[in-house]
Amino acid sequence: MNPAQNIGKYFRYNLDQGTTVQNRSTLDRGIKRGQDAHWSSSVVLTNTSGGGGGQPWTFRFLKYWPGAITRCAIGAHGVLTGPMSGCILCRFINTTGAPSVAHIGTDSDPANANTIAVKADWTAYMASKPAGNFVGRKPTHVITDDDVLAEAKAGQLQPLTGYQVWGYFRTNDAWALLIHRGAGGINKIIRARPMVLLPWAAIPGSW
């Protein structure tokens with residue numbers, strides 16, 4: 001799926017994010033495991049919300065859990081993750097040598113205990129992988145709050161709160177997507193911008 005060529009297309013999929021971490025003892029080094037189990041081989045990008053014929057889109061769906069790290073291999077079809085509240089997404093080389101992506105689930109409040117904890121967990125995780133070649137970005141720095149507000153003000157789709165920023169990674173590129181989440185799992189790609197990934201220390205907002 002080439003995001004730039006699919007702006008304006010609809011797809012039906014339940015973009016079901018995780019919930020906020022309540023018990024950190026259930027995490028493994030800050031990692032919430034098993035959150036990439038949503039494969040889709042039947043999603044179709046169409047010109048209308050009603051469906052019909054279109055281009056298949058297969059991807060791996062990685063949930064966002066405020067207070068936890070979620071991660072998975074990028075694989076042949078790419079990874080869709082979100083929604084984004086200001087988190088950093090990172091591509092790195094896992095122990096197996098496979099390109100992987102991590103969603104570092106900071107909460108919306110920098111002073112929140114879960115935000116502080118997951119930042120510490122991620123710092124330790126990177127230190128455990130000196131050859132990880134960590135690069136990343138905040139998708140909300142590529143598609144900004146102003147972009148989201150402009151679309152909501154235009155009011156083309158309901159609900160107005162359905163406009164959300166998402167991240168999409170393939171092996172050799174990354175994208176920030178503005179997706180509108182409508183009723184019945186019907187979503188629309190509103191904007192798509194290439195996301196230049198930066199070394200960890202150079203990412204605005206890294207710690």
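A residue is called buried when its relative accessible area is under 20%, exposed when it is over 50%, and partly exposed in between, using a 1.4 Å probe and protein chains only. By that scale Arg193, at 29% relative accessibility, counts as partly exposed. Keep in mind that this is a predicted model, in which local features need pLDDT of at least 70, side-chain atom pairs count only at pLDDT 80 or more, and totals for chains, interfaces and linings use all residues. Residues are numbered from 1 along each chain as its sequence is written, and side-chain values use heavy atoms, with hydrogens and water left out.

Let us stay with Arg193 and look at its partner. Arg193 forms a salt bridge with Asp147, with the closest N and O atoms 2.7 Å apart; a salt bridge here is a side-chain nitrogen of Lys or Arg within 4 Å of a carboxyl oxygen of Asp or Glu. Arg193 lies in strand E13 (residues 186-194) and Asp147 in helix H2, so the pair ties together parts that are 46 residues apart in sequence. Helices (H or I, at least four residues) and strands (E, at least two) are DSSP runs, numbered from the N terminus. Asp147 is buried, at 12% relative accessible area.

A further pair joins these elements: Arg191 and Glu151 meet in a salt bridge of 3.0 Å, N to O. Arg191 sits in strand E13 and Glu151 in helix H2, 40 residues apart. Glu151 is buried too, with a relative accessible area of 17%. Together, Asp147, Glu151, Arg191 and Arg193 are linked in a network of salt bridges. The structure holds eight salt bridges.

Now to the nonpolar side of the picture. A nonpolar core is a set of buried Ala, Val, Leu, Ile, Met, Phe, Trp, Tyr and Cys residues joined through side-chain atoms within 4.5 Å. The largest has 25 residues, and Val101, Tyr163, Phe169, Leu178 and Met195 touch the most other members. Helix H2, strand E11 (163-169) and strand E12 (174-181) each supply at least two residues of this core. A second, separate core of 17 residues includes Phe11, Val43, Trp175 and Ala192.
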